[in-house]
Amino acid sequence: QVQLVESGGGLVQPGGARTLSCATSGSIFSINAMRWYRQAPGKERELVAAITPPNRANYADSVKGRFTISRDNAKNTVYLQMNSLKPEDTAVYYCNLDIKPDWRDGVYTYWGQGTQVTVSS
């Protein structure tokens, strides 16, 4: 059973930085796309950043130049480095991975449980 566990959330002051991690456990044959989403109170979940093999990254306009997504293929882990944080970045952040659990399987999309990031002074 594949599971995703996010960590790194918390309270940070405006202008500060935070790094989120999404670690995996269970049987994994390969991982294709790795993504970070976020959902602020009263708003829809939005795609923040995505990274696809070998290392192509895409970002929402609202975070370009401030956030960096990266992956460690050896650890099956994805990171989100967030710099110059703003109050409007406050949200629950979710990782989302396209995983092939076994060579015989298809590709399935998995979600983490979410980690709260609050940007406030």
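This report walks through the aromatic pairs, the charge over the rings and the disulfide in a predicted model.

A quick word on ground rules: residues are numbered from 1 along each chain as its sequence is written. Because the model is predicted, local features need pLDDT of at least 70 and side-chain atom pairs count only at pLDDT 80 or more, while totals for chains, interfaces and linings use all residues; side-chain values use heavy atoms, with hydrogens and water left out.

**The aromatic rings**

A pair of aromatic rings is described by the distance of the centres and the angle of the planes. Here, rings of Phe, Tyr and Trp (its six-membered ring) pair if their centres lie within 6.5 Å; planes under 30 degrees apart count as stacked, over 60 as edge-to-face and the rest as tilted. That rule gives two aromatic pairs.

| Pair | Centre to centre | Angle between planes | Type |
|---|---|---|---|
| Y37 and W111 | 4.9 Å | 50° | tilted |
| Y94 and W111 | 6.3 Å | 80° | edge-to-face |

Put together, Y37, Y94 and W111 make one aromatic cluster.

Where do these rings sit along the chain? Strands are DSSP runs of E with at least two residues, numbered from the N terminus. Y37 belongs to strand β4 (residues 30-39) and W111 to strand β10 (residues 108-111), so their pair ties together parts that are 74 residues apart in sequence. Y94 is in strand β9 (residues 91-100), so its pairing with W111 in strand β10 ties together parts 17 residues apart.

As for cover, buried means under 20% relative accessible area, exposed over 50% and partly exposed in between (1.4 Å probe, protein chains only). Y37 is buried at 19%, and Y94 is buried at 13%. W111, at 38%, is partly exposed.

**A charge over the rings**

A charge sits over a ring if NZ of Lys or CZ of Arg is within 6 Å of the ring centre and within 35 degrees of the ring normal. The charged end of R45 sits over the ring of Y94, 3.8 Å from its centre, and also over the ring of W111, 4.7 Å from that centre.

**The disulfide**

How many disulfides does a search of the whole structure find? It turns up one, counting a pair of cysteine sulfur atoms within 2.5 Å as a disulfide. The partners are C22 and C95, with S to S at 2.1 Å. C22 is in strand β3 (residues 18-25) and C95 in strand β9, so to speak distant parts of the chain, 73 residues apart. The torsion about the S-S bond is about 55°, so this disulfide is right-handed. Both C22 and C95 are buried.

Key:
Helices (H or I, at least four residues) and strands (E, at least two) are DSSP runs, numbered from the N terminus.
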